[in-house]
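Thank you all for coming.

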Amino acid sequence: MKTRKSEPLFHIVKRKDMPFGKQVMVRAIAIVAALIVCSVITIITTKMNPLAIFSAVIQGAFGSTRKMWITFQDTSILLIIALALTPAFKMKFWNIGGEGQVLIGGLGAAACMILIGDKVPDPVLILIMLVAAVGLGALWGAIPAIFKAVWNTNETLCTLMMNYIAIQIVAFFTILWEVPKGSGKIGIINQNTNAGWLLQVGNKYLLTILIAILITVGMFVYLKYTKHGYEVSVVGESEMTARYAGIHSGAVIIRTMIISGGLCGLAGFLLVGSIHHTITTTLAGGEGFTAVMVSWLAHFNPIAMIGASLLIVFLSNGAAQISQNCGLNQSFGDIITGIIIFFIIGCEFFIRYRVVFRAKKGAIPAPVTGEAVFGGGPGDESAVKEIKEEEGNDND
Amino acid sequence: MIDLIAFIPRAIGQSVPLLYGCTGEIITEKSGNLNLGIPGVMYVGAISGVIGAFAYEQATKGGNFIPALGIAIPLLCSLVGSLLMGLLYCFLTVTLRANQNVTGLAMTTFGVGFGNFFGGSLIKLSGSDVPTISLSKTSNCFSASLPFADNLGWFGKIFLSYGFLAYIAFILAIYAGFALKKTRIGLHLRAVGENPGTADAAGIDVSRYKYFATCIGCMVAGLGGLYYVMDYASGIWSNDAFGDRGWLAIALVIFCIWKPGIGILASILFGGLYIIYLYIPAGIDHMELKELYKMIPYVVTMIVLVITSMRNKRDNQPPASLGIPYFREER
Amino acid sequence: MSEYAIELKNITKRFGTIVANDNVSMGVRKGEILALLGENGSGKTTLMNMISGIYYPDEGHIFLDGQEVKIASPKDALALGIGMVHQHFKLVDVLTATENIILGLPGKLNICEAEEKIRTICDKFGFIIDLKKKVYEMTVSEKQTVEIVKVLYRGANILILDEPTAVLTPQEAERLFLVMWRMRNDGKAVIIITHKMHEVKEVSDRVVVLRKGRYVGEMDTGDCDVQRMTDMMVGRSVSLNITRKTPVDPKPRIEVEHLTIRDDEGVVKIDDISFTANSGEILGIAGVSGCGQKELLEAIAGLQKHVDGEVRYIEDDGSKTDLLKMSAQKISEKGIALSFVPEDRLGMGLVANMNIAENMMIRSFRNGPIVEEAVERNKAEALRKLRRDLNPFTDRKSPRKLAETVVKDLNVVTPSITTPVKNLSGGNVQKILVGREIASKPKVLLTAYAVRGLDINSSYQIYELINKQKEEGTAVVYVGEDLDVLLELSDRILVLCGGKVSGIIDGPGADKNQVGLMMMSVEGGKDEN
C-alpha cells in the first residue's frame with residue numbers, strides 16, 4: 001500500500017479576481033525578471049557589459065529621430081495586425097493566418113500599382129488599392145471561417161495553410177512581375193511616378209501611426225459598444241448561449257473573420273503603399289504570429305495592446321541593434337521576444353491561482369504562500385484572512 | 001513522365017522529417033496537449049545537433065574522428081535540446097496552465113529564432129575560421145546506407161538508400177502506434193487526453209503523463225530536424241531551410257486521425273507533394289509556375305482538413321480534452 | 001480496531017469563502033449500507049470526494065480501520081480500497097468497457113485475462129455487461145454498471161455511490177439495490193448519497209443526515225420515519241404550503257400537436273405528443289429525468305433542430321403563429337414574448353464569464369441606445385425599427401438599470417452588478433436568470449428545473465415569482481423534479497414517460513402515488529429489462 005505519509009507539499013487554489021493594481025504589479029515583476037534573463041543571455045553570447053547592452057537597446061529603438069519614428073511605425077503595424085486578430089480571438093477562433101492575410105492584402109495593393117498605376121489618377125488608384133487589399137484580406141479570412149462555420153474545420157491549421165498559399169501566390173507574381181528579369185524580386189514599384197504611393201502626412205511615418213490610433217479607438221468601441229461586439233463575446237464564451245440568445249454563430253464567425261482579414265489586408269496596404277513600396281514574400285515578416293501573442297498578452301484589450309506591441313517592437317529593435325553591433329544574426333530578436341512572452345504567459349498563473357504551501361509537522365507554523373511572494377497587498381483581504389486562519393489551525 | 005525511381009527515394013527522404021514531427025505530435029496530442037511549438041522544437045533539435053557536431057568536428061580537426069562519437073554527440077545534443085523545449089512547454093501549460101496555443105506559438109518564434117541565430121552566428125561565436133557550417137564528416141555517418149544497397153538496382157534505391165535515422169522514424173511510428181493501442185501506458189495516455197478527470201479519478205497521474213508524453217513527443221520531433229540537416233541536407237545548415245515542415249507535420253496529425261501507422265503513408269504522400277514541383281515540367285519560360293506547384297501540399301492539407309471535418313465518426317475525433325488545461329479542483 | 005471501516009473526524013472543506021463542509025464527523029461499518037441524506041448543496045458529494053481523494057480536506061482526519069490515513073489523490077483512495085461511483089460518470093467515451101474497468105491499474109496490459117476476472121465479478125454480484133462495447137454506445141444504466149464493476153475490480157471494500165438512482169428507471173434501480181445488498185452481504189461497506197426518502201428507507205441500514213455542510217444527526221433506518229428525516233434534512237418542519245390561486249380566465253396560449261423531436265443521431269426524444277398550455281395557469285411537467293423534458297421546452301423556444309408536428313402560439317385575439325419552424329431569433333423578432341429559463345444556467349441561459357449587467361443584455365442587445373424620452377415622445381414603428389435593426393450600437397444603459405432592479409428586488413447577494421456571474425452562488429445565479437426572463441413581461445414562461453441546487457429560501461422565492469407570473473396571465477410551463485412541489489404548484493400536471501405523455505391530470509387533489517406510477521408506466525416505450 002503506497003500511502004503518502006505527509007500532506008501534499010502544496011496545493012493550488014483558484015482565486016477570485018485579483019485587484020487590478022496587483023495584476024499590473026505581477027506582470028511588471030514578470031517583465032523585469034524576463035529582462036534580467038535576457039540580459040544574462042546577452043552577456044553570455046556577446047560578452048558585453050550590462051550597461052552597454054542597455055544603451056544599445058535604447059540606441060536601437062530610440063537612438064535617432066529616424067529610429068524613433070521607425071519604432072513607432074513598426075509598433076503601429078504590429079498593433080493594427082493585433083487589433084485585426086482580436087475580434088477573432090474573442091470569438092475563440094484561433095486566427096493564426098494574420099501573416100497570409102497581410103501578405104495577400106499587400107499583393108492586392110501592389111498588383112494595382114503595377115497593373116493600373118499609370119492608367120488612372122492617383123486618388124482613384126489609391127482607392128482601388130485600398131479596396132483590393134482589404135477585399136483580398138477579407139477573402140483570406142473568410143475562407144477558413146466558412147469551413148469552420150459549416151463543417152467545424154480546425155481553423156488553426158486552416159488559417160496557417162492559407163499563409164503558405166498566400167506566400168506561394170506572391171512568389172508566383174514576384175517572378176511574373178520581376179524587375180529586372182531574372183532578379184527574383186519586384187523592386188520599388190513606380191519609383192519615378194510614385195503612383196499609388198500614399199501621401200505623406202508630416203513625414204512618411206505618421207500616416208501609419210495615425211491610422212493605427214484610429215483603428216485602436218474603433219476596435220475598442222466596436223468590441224465594447226456595438227451589437228456585433230456583444231455577439232462576438234457571446235459566441236466566444238458559449239455556443240449554447242449564443243443559440244439561446246438567437247445569435248447565428250456561423251454568420252458571426254464569418255462576419256468577424258471578414259473584418260479580421262480585412263484589417264490585416266489594410267495592414268498589407270499600408271506596408272506596400274506607404275512603407276516599402278514593393279512586395280516580397282516576407283512582407284509580413286512574422287508579425288502575423290507576433291500579433292497573436294500581443295493580442296493575447298493584452299487580454300484582448302485594444303488599449304493594452306498599444307503597450308504590448310510597443311514593448312515587443314522596442315525589444316526586438318533593440319536586440320537587432322545588439323546583433324548588429326556584435327556582428328550576430330538578426331534572429332537574436334526572436335529569442336528575446338520568445339523569452340519575454342514565456343515570462344508573461346507564466347505570470348498569468350499567479351494572477352489566476354494561489355499556491356498554498358503546507359507547513360510540515362513540527363516546522364515553524366508560518367506557511368509561505370503565493371500571497372507572500374507577490375506581496376499581500378491590503379486590497380486582497382479575504383486571502384489574507386485565509387492565511388491567518390491557516391496559521392491558527394497549524395498552531396492547534 | 002516522372003522518373004519514379006528517382007522520385008520515390010527523394011519523396012521518402014522528404015517524408016522522414018514530417019514523420020518524426022507527426023509521430024511526436026501524435027504522442028503529445030494524445031495527452032491532451034496541442035503543441036503548436038513543434039516547428040520551433042524541430043529547429044532546436046536540428047541546431048542542437050549541429051552545435052554538437054560542429055564542436056566535435058572542430059575538436060577533432062587533426063583527424064581522429066570516431067564515427068560512433070560523431071553520431072552519438074549530435075544525437076544526444078539534439079535530444080537534450082528538444083527535451084528542454086518540451087519541459088518548457090509542459091512547465092508553462094501543465095504546471096502553470098497557460099494557454100496552449102499562445103505558448104506553442106511563442107515556442108515556435110523562440111525555437112526558429114534560436115535555430116537561425118546559432119546557425120548564423122555559430123562560427124563567429126566559436127571564433128573558428130571556417131566559411132560556412134558544413135558538417136560533412138558527421139553527415140557521412142548519418143547518411144551512410146548499407147554497403148550493398150547500390151548493387152540491388154531499383155530495389156536498393158527505393159528501400160535501402162537511406163541513413164539510419166530514416167529507418168528509426170518508421171520503426172518509431174510503428175512502435176508508437178502499437179504502444180498507444182496495446183500497452184498499459186498507451187491506454188492510460190489515451191485516457192488522459194480524452195478525459196483527464198476520469199484518468200485522475202482512476203489513479204493516473206495526469207500531469208506526469210502530460211509531461212512525459214509531451215517531452216518524448218518533442219524529442220521525437222527534434223530528431224526530424226536532426227535528420228533533415230544531417231542526412232537530407234548533407235550536413236549544411238542554412239537559415240530557414242527547414243521551412244514550414246513543422247507546421248505540415250501538425251496538419252498531418254489530423255490527416256492521419258491520430259494514428260501513427262497511417263502517419264507513415266500520409267507523410268510519404270506529403271513528402272512527395274512537397275517536392276513534386278521539381279518533377280512537373282514547367283518549361284524554361286515559365287519558372288513562375290513552379291511557385292504555384294509548391295502550393296500543392298498546402299492546398300491538399302486544406303482539402304484534407306475540410307474532408308476530415310465533414311466525416312465525424314466518433315473514433316476519428318481529436319482527443320476530447322485537446323487544448324484544455326486540467327485543474328483538478330475546478331468547480 | 002475501530003467499529004468503523006472508515007471514519008471521518010472533524011472534516012472541514014472550504015472553497016474560497018464558501019464552507020462546503022463544516023466540522024463533519026461520521027463513519028460506516030463493514031457489511032452495512034449507509035445512506036448519506038441531504039438536500040442538494042448540503043455538501044454530501046464534497047464530503048465523499050474527500051474520501052475518494054478528489055479534494056483534500058482543509059481540516060480534520062480520516063481513519064481507516066482505526067488507522068489515520070492521508071488521502072491525497074484518487075490513487076491513494078483506491079490503494080486503500082475506497083471506490084466512488086460519481087454522479088457524472090468518470091468514463092472515457094472512446095474506450096471499451098474492459099479498457100475503462102482496468103484503467104489506471106499497473107502491470108502489463110492483458111485484455112483477455114482482465115475480461116476473465118471481470119466476468120467472475122459480474123457473476124458474483126449479478127451484473128450484465130458487454131465488455132467489448134464502447135462507452136459512447138452505452139445506455140446510462142450500462143455506464144453505471146461499468147462504473148461499479150470498475151470499483152469492485154480494484155478490490156474496493158468501501159463503495160460510495162453518488163445519487164445512483166437519479167438516472168435510472170425504477171426497474172434498473174431495483175436491480176441496483178439487489179446488487180448493493182449482495183455487496184453488503186459480502187462484507188463491504190456501502191455509502192449511498194441520496195436525497196430521496198423512499199430509497200433511504202428501502203435500501204439502507206443506517207442514515208446520516210447533512211444540512212448546509214454540517215452533520216445534523218444519524219439513526220438506524222429501522223426506527224426512523226420520513227417526517228423526522230425531513231425535519232433533520234431541512235432543519236424545520238416543512239409543509240410546503242405553496243399558495244395556489246385558482247387560475248383567472250385561462251385561455252389556450254400554446255397548442256402542441258403531434259410533436260416529435262429527434263436528436264442529432266435520430267433518436268426519438270419526444271414521441272408524438274399533444275397538449276395545451278393556458279394563460280394564467282401553471283402547467284407542471286413531471287417525469288424521470290432525461291425523458292424528454294429538456295427537448296420539449298427547447299423545441300417550443302425554437303432551439304431544437306429535428307422537429308415534426310405543430311406548436312402554435314395563440315394571441316389574445318385568437319390569431320395563431322406556428323413556432324416550430326422559427327428560430328429563437330425569429331420568435332423574438334416577431335415580438336412574441338416567450339421567456340425560457342433553461343436547465344443549464346451557466347452553459348445556456350447565462351454567460352459565466354460576463355457580469356450581471358452584460359448578462360441582462362442577452363435578451364436586449366439588439367436594442368440600440370436611444371434616449372427613452374424620444375421613444376416616449378414618438379412611438380412610431382419606424383423609430384422602433386431604427387432602434388432595433390439599423391443602429392450598430394447596443395444599449396448598455398437599460399441592462400445596467402435592469403441588473404440593479406433585479407439585484408435589489410430579488411435580494412441577489414453580489415458585490416456589484418459588474419461581478420462575473422460565475423462568482424455567484426447557485427441561488428443567486430438562478431435569481432439573475434429568472435429575473436431577466438420575467439423582466440420582459442412574457443406571455444409564455446418556460447422553466448426547466450428552476451430550483452435545482454437552490455436552498456429552501458431561494459426556492460420559495462422562485463415559486464413566488466412563478467406564481468406572480470401566473471397571476472399576471474402568463475402561461476407557465478414548469479418542469480420540475482420534486483413531485484411534492486409539482487403537486488402543490490401546478491394547476492395541471494402533464495406526466496411524461498419515455499418521451500410520451502402518460503397522462504394530464506389536474507393539480508389540485510392529484511395523488512402523488514398516481515403521478516409516480518404514471519411516470520413509470522411504459523406503454524410501447526422502451527423495453528425494460
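Predicted model: local features only at pLDDT ≥ 70, side-chain atom pairs only at ≥ 80, totals over all residues.

Let me start with helix α9 (residues 293-300) of chain C, where 8 of the 8 residues are buried, so that this helix is largely enclosed by the rest of the structure. Helices are DSSP runs of H or I with at least four residues, strands are runs of E with at least two, and both are numbered from the N terminus.

Residues are numbered from 1 along each chain as its sequence is written, and chains are lettered from A and ligands numbered from 1 in the order in which they are written.

Among the buried residues of α9(C) are Lys294(C), Glu295(C) and Glu298(C), together with Leu296(C), Leu297(C) and Ile300(C). The helix is followed by Gly302(C), whose phi is positive, near 80°.

What does this helix pack on? There is an open sheet of 6 strands in chain C, in the order β16-β17-β18-β13-β19-β20, with mixed pairing, where two strands pair if DSSP finds at least two bridges between them. At the edges stand β16 (338-341) and β20 (500-506) of chain C, each with a single partner strand, so one side of each is left without a neighbour in the sheet. Further in, β13 (residues 281-286) and β18 (residues 475-479) of chain C pair in the parallel sense over 5 bridges, and Leu283(C) stands opposite Val477(C) in β18(C). It is on this sheet that α9(C) packs, touching β13, β16, β17 (444-448), β18 and β19 (492-497) of chain C. Helix α16 (residues 426-439) of chain C also packs on the sheet, touching β16 and β17 of chain C.

Turning to chain C as a whole, it has 19 helices and 20 strands, and of its 529 residues, 46% count as buried.

Finally, the contact with the next chain: 19 residues of chain C are in contact with 22 residues of chain B, contact meaning C-beta atoms, placed from the backbone, within 7 Å. Helix α2 (residues 74-79) of chain C gives the largest share of chain C's side, 3 residues.

Definitions and conventions: Contact = placed C-beta atoms within 7 Å. Buried ≥ 20, exposed ≤ 12 C-beta atoms within 10 Å, placed from the backbone. Axes fitted to C-alpha atoms, helices over the stretch in contact; angles between N-to-C directions.
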